[in-house]
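User: Please walk me through this model by question and answer. Keep it brisk.

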Amino acid sequence: MEQTIVAQASPNGTSALAIVRVSGPETRTILRKMFAVEIPTPRTATLAEVRHPQTKKLIDSLVFIFYAGPNSYTGEDSLELFPHGNPLIVRSLIDAMCQIQNVRIAFRGEYTKRAFLNGKMDLVQAESVADVIHSQTLASIENAHKLLAG
C-alpha cells in the first residue's frame, strides 16, 4: 500500500499562518481521527479543531481544504491545512499525523513526483515546478510558468 505523505509547504519560522500538505490513501483517516469530521465538500474551506489521534489533546484550531482524488494536484485525496504559524504547532501537527499508520514525512519533490506518476502533469511541467520555486529573476519565473502551463 502506498503511504500517505505530509510536509510543511510554507517556510520554517514564526508567522500568522503556516501551510501543511497531506496526500495519499490515509487522508480521509486523518480527517476522521484528528478532525472528527466526515468528508467535507471538496475544495471548500472548513474551520475545525485538530486533535492528536491518540491523546485527543487539542493541537490547534485551523482552516483546511479537502481535495478528492483525482481532482487534486497529486491526483490523490489531499488536504491543505492552514494552522497558526507557531513552529511548535506545525511540528506537533505533523508529528501527530505521522502517528497514524502508513503516514510519513514527504521527501523533497514527492508531491510533484506523485502528480507526474498519476498523469497530472508531464515531465517538462514537473521540472518547471522546481524552476518556478528556485528562479532568481522575474524573466526566469515567467519562462517557467509558460512551460508549466504546457
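User: How many nonpolar residues does the lining of the largest pocket have?

Analyst: This is a predicted model, where local features need pLDDT of at least 70, side-chain atom pairs count only at pLDDT 80 or more, and totals for chains, interfaces and linings use all residues. Residues are numbered from 1 along each chain as its sequence is written, and side-chain values use heavy atoms, with hydrogens and water left out. A pocket is an open set of points on a 1 Å grid over the protein atoms alone, where a 1.4 Å probe fits, with protein on both sides within 12 Å along at least five of seven lines; lining residues have an atom within 4 Å of a point. Beside 6 polar residues, Gly being classed as polar, and 5 charged ones, the lining counts as nonpolar 13.

User: Which element gives the largest share of the lining of the largest pocket?

Analyst: The lining has 24 residues, with Gln-8, Ala-9, Arg-108, Gly-109 and Ile-133 closest to the pocket centre. Elements are DSSP runs: helices (H or I) of at least four residues, strands (E) of at least two. The largest share is 5 residues, from helix 4.

User: Is Ala-36 buried or exposed?

Analyst: Ala-36 sits in the loop between helix 1 and strand 4. Its phi is positive, about 50°, although Ala-36 is not a glycine. Buried means under 20% relative accessible area, exposed over 50%, partly exposed in between (1.4 Å probe, protein chains only). Ala-36 has 69% relative accessibility, so it counts as exposed.

User: What is omega for the peptide bond from Gly-69 to Pro-70?

Analyst: Pro-70 lies in the loop between strand 5 and strand 6. The bond from Gly-69 to Pro-70 is cis, with omega near 5°.
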